[in-house]
Amino acid sequence: MAPSISREKLVSLTENKTVRILPIIRSFERKDQLACQNIFKDGYQEFIKSITVIYLSFLVRYIVMAAMFAILAAVIWSAWIFVVVVVMACMVLAFIYIHLQLTGWFYINHTLNSGDLKDIEESYMSIQQSHLWVAELNGRVVGMVGLIHEENFEQGVYELKRMYVVPSCRGMGIAKNLINELISHTKTNRIKLVFLKTTSTLVPAIQLYMKNGFTFSSADLNGKLTDVPVISKRNLPQDIHLKLEISSLAAP
């Protein structure tokens with residue numbers, strides 16, 4: 001298990017001579033449990049909101065087209081046709097919205113109460129070579145990333161999970177530093193392969209992973225073949241599987 005990084009705070013002077021405290025990347029500690037759970041919860045709720053907007057925007061296009069035909073039909077036959085179409089459209093939008101919110105709620109509830117974040121120390125810090133790092137800024141945990149080996153994985157294969165940075169601290173290089181720490185850990189512990197699963201709408205995250213050596217995988221962790229979807233914030237979200245072969249990275 002990698003040793004904890006020094007807690008000594010690094011500071012740098014900006015042009016106006018004010019002191020800026022830079023985030024520290026360190027190993028997870030038991031006291032970080034609640035903070036990490038809250039970061040995950042807030043981050044996943046943010047994700048659900050974003051894909052809800054995408055789905056509803058996608059459906060509205062077709063509903064508008066249907067409404068135009070309904071107006072024409074109402075003029076020719078009966079106004080009730082337009083009323084029925086409007087009611088059905090509202091029901092479809094409401095169903096999609098409720099379905100996405102409930103799906104997100106169930107996933108968050110499962111992860112926090114019976115998943116890997118129920119007891120982070122047991123899930124990540126008690127398994128050989130598995131690990132979880134946090135980013136700390138001004139004494140507050142503002143980001144995290146985990147590396148975990150499940151029982152059904154082949155030897156030397158790990159999964160990158162729970163990469164989150166709070167919105168107010170994005171753009172500071174925290175995610176990049178977290179990934180760098182994770183990659184350094186894989187080299188030190190001779191890990192062969194790192195997989196991760198993400199979503200096609202998370203364009204900045206995918207770009208960050210690929211800049212750090214990740215490539216698209218034609219199969220998921222279970223060996224099931226997958227297609228490479230279109231990476232876009234506007235298209236409907238699709239699962240994306242990325243992999244990082246540690247042997248392909250340049251030596252530090």
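**Entry 1: the pocket lining by class**

I sorted the lining of the largest pocket by residue class and found 22 nonpolar, 10 polar and 9 charged residues. I note here that the model is a predicted one. I then looked up the lining as a whole, which consists of 41 residues. Phe47, Met163, Tyr164, Thr198 and Leu202 are those that lie nearest the centre of this pocket. For the space inside the largest pocket, I recorded about 1400 Å³.

**Entry 2: where the lining comes from**

Which element gives the largest share of the lining of the largest pocket? I found that α1 does, with 8 residues. I also listed the elements that each supply at least two lining residues: the helices α1 (33-76), α2 (79-113), α4 (174-188) and α5 (203-211), together with the strands β6 (157-165) and β7 (193-199). Turning to domains, I saw that domain 1 (31-114) and domain 2 (120-249) each contribute at least three residues to the lining.

**Entry 3: the protein as a whole**

I counted 5 helices and 9 strands in the protein. Read from the N terminus, their order is β-β-β-α-α-α-β-β-β-α-β-α-β-β. I next checked burial, and 40% of the 252 residues count as buried. The accessible surface of the protein amounts to about 15100 Å², and carbon and sulfur atoms hold 60% of that area.

**Entry 4: contacts along the chain**

What share of the contacts with a separation of 6 or more joins residues 24 or more positions apart? I recorded 66% for the protein.

Notes:
Residues are numbered from 1 along each chain as its sequence is written. This is a predicted model: local features need pLDDT of at least 70, side-chain atom pairs count only at pLDDT 80 or more; totals for chains, interfaces and linings use all residues. Side-chain values use heavy atoms; hydrogens and water are left out. On a 1 Å grid over the protein atoms alone, a cavity is a set of points where a 1.4 Å probe fits but cannot get out, and a pocket is an open set with protein on both sides within 12 Å along at least five of seven lines; lining residues have an atom within 4 Å of a point. Grid points are joined across faces, edges and corners, and a volume is the space filled by probe spheres set on the points. Helices (H or I, at least four residues) and strands (E, at least two) are DSSP runs, numbered from the N terminus. Ala, Val, Leu, Ile, Met, Phe, Trp, Tyr, Cys and Pro count as nonpolar, Asp, Glu, Lys and Arg as charged, and the others, Gly among them, as polar. Domain bounds come from an automatic or database domain assignment. Buried means under 20% relative accessible area, exposed over 50%, partly exposed in between (1.4 Å probe, protein chains only). Contact means heavy atoms within 4.5 Å. Accessible areas come from the Shrake-Rupley method with a 1.4 Å probe; for residues, only the protein chains shown count as cover.
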